[in-house]
Amino acid sequence: MNVHEFQAKQLFAQYGVPVPRGKEITSPDTATAWANELNTPVFVVKAQIHAGGRGKAGGVKFCKSLDEVKAAAAGMLGRNMETYQSAGRALPVNLVLVTEANDIVKELKPLLQCAPENSRLSRRLSRKPRRALRLYAGARRLKQKNGENRPWRYR
């Protein structure tokens, strides 16, 4: 499933999760108009592509004026962007997200684990979903800490 950042933020907001105000933009002039409406000291313009590593590839720009927002949007829209996660392909940037900048206290990344409908894993998840997710998250942390690639087990 491919979900852009602005779509994920819309879903979070729909369920009451606080997210910064932002809007998907298709032109530099619209970016300037939205930034003017936001009325915040610092804006963030983010390229919307289905790959991580946009910041390192120049797809995330912090702007302090409306002119900088317009220039950043113009520099991203209509271009192709290649990141370390795009598998050597340059992906087209057709949308940018213009949002207010916030101090990041803690970054949370949602994880969605899908299992075949009639698999043993899906039956276990349906019986005790919180425990299974807790075990999965713990195994992920252990795997990342030790650099190992061992599967987690549900008990």
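Let's start with Val93 and what it touches. Setting aside residues up to four places away in sequence, Val93 is in contact with Ala47, Gln48, Ile49, Met76, Leu77, Gly78, Arg79 and Met81. Please keep in mind that this is a predicted model. Val93 sits in the loop between strand S5, residues 91-92, and S6. Is Val93 buried or exposed? With 1% relative accessibility, Val93 counts as buried.

Now let me step back to the whole chain. The protein has 5 helices and 6 strands. Reading from the N terminus, the order is α-β-α-β-β-α-β-β-β-α-α. There are 155 residues, of which 28% count as buried. If you take the contacts with a separation of 6 or more, 58% of them are between residues 24 or more positions apart.

Which residues of H2 are buried? They are Ala31, Thr32, Trp34, Ala35 and Leu38. Looking down the axis of H2, these buried residues fall within an arc of 170°, so they line one face of the helix. A quick reminder that helps here: an α-helix has 3.6 residues a turn, so residues three or four places apart point the same way. Turned away from the buried side of H2 is a face with the exposed residues Asp29, Asn36 and Glu37.

What do the buried residues of H2 pack against? Their partners are strand S1 (22-25), strand S2 (43-47), helix H3 (66-76) and strand S6 (96-100).

For H2 and H3, the axes come within 8 Å and cross at roughly 145°. The crossing is right-handed. On the H2 side, the residues involved are Pro28, Asp29, Ala31, Thr32, Ala35 and Asn36, and they meet Leu66, Val69, Lys70, Ala73 and Ala74 of H3. Sorted by class, this contact has 7 nonpolar, 2 polar and 2 charged residues.

Next, what follows each of these helices. After H3 comes Gly78, with a positive phi near 80°. Gly78 is also one of the residues that Val93 touches. After H2 comes Asn39, whose phi is positive too, near 55°, although Asn39 is not a glycine. Asn39 belongs to the loop between H2 and S2, and it is exposed, with a relative accessible area of 68%.

There is another non-glycine residue with a positive phi to look at: Ala87, where phi is near 55°. Ala87 is in the loop between S4 and S5 and is exposed, at a relative accessible area of 68%.

Ser86 lies in that loop as well, between strand S4 (80-81) and S5. Buried or exposed, would you say, for Ser86? Ser86 counts as buried, at 3% relative accessibility. A polar atom of the Ser86 side chain lies 2.8 Å from the backbone oxygen of Arg89. Apart from its neighbours within four places in sequence, Ser86 is in contact with Ala51 and Leu91.

Last stop, Arg54, found in the loop between S2 and strand S3 (60-63). Why does Arg54 count as buried? Its relative accessible area is 17%, and buried means under 20%. Its side chain is joined to that of Glu5 by a polar contact of 2.9 Å. Beyond residues up to four places away in sequence, Arg54 touches Glu5, Lys46, Ala47, Gln48, Ile49, Gly59, Val60 and Thr83.

Technical notes:
Residues are numbered from 1 along each chain as its sequence is written. This is a predicted model: local features need pLDDT of at least 70, side-chain atom pairs count only at pLDDT 80 or more; totals for chains, interfaces and linings use all residues. Side-chain values use heavy atoms; hydrogens and water are left out. Buried means under 20% relative accessible area, exposed over 50%, partly exposed in between (1.4 Å probe, protein chains only). Helices (H or I, at least four residues) and strands (E, at least two) are DSSP runs, numbered from the N terminus. The arc is that of the directions from the helix axis to the C-beta atoms. Contact means heavy atoms within 4.5 Å. Axes are lines fitted to C-alpha atoms, for helices over the stretch in contact, and angles run from 0 to 180 degrees between N-to-C directions. A crossing is left-handed if the near helix is turned anticlockwise from the far one by less than a right angle, and right-handed if clockwise. Ala, Val, Leu, Ile, Met, Phe, Trp, Tyr, Cys and Pro count as nonpolar, Asp, Glu, Lys and Arg as charged, and the others, Gly among them, as polar. A polar contact is a pair of N or O atoms within 3.5 Å; within protein, one must be able to donate a hydrogen and the other to accept it, and residues adjacent in sequence count only if both atoms are side-chain atoms.
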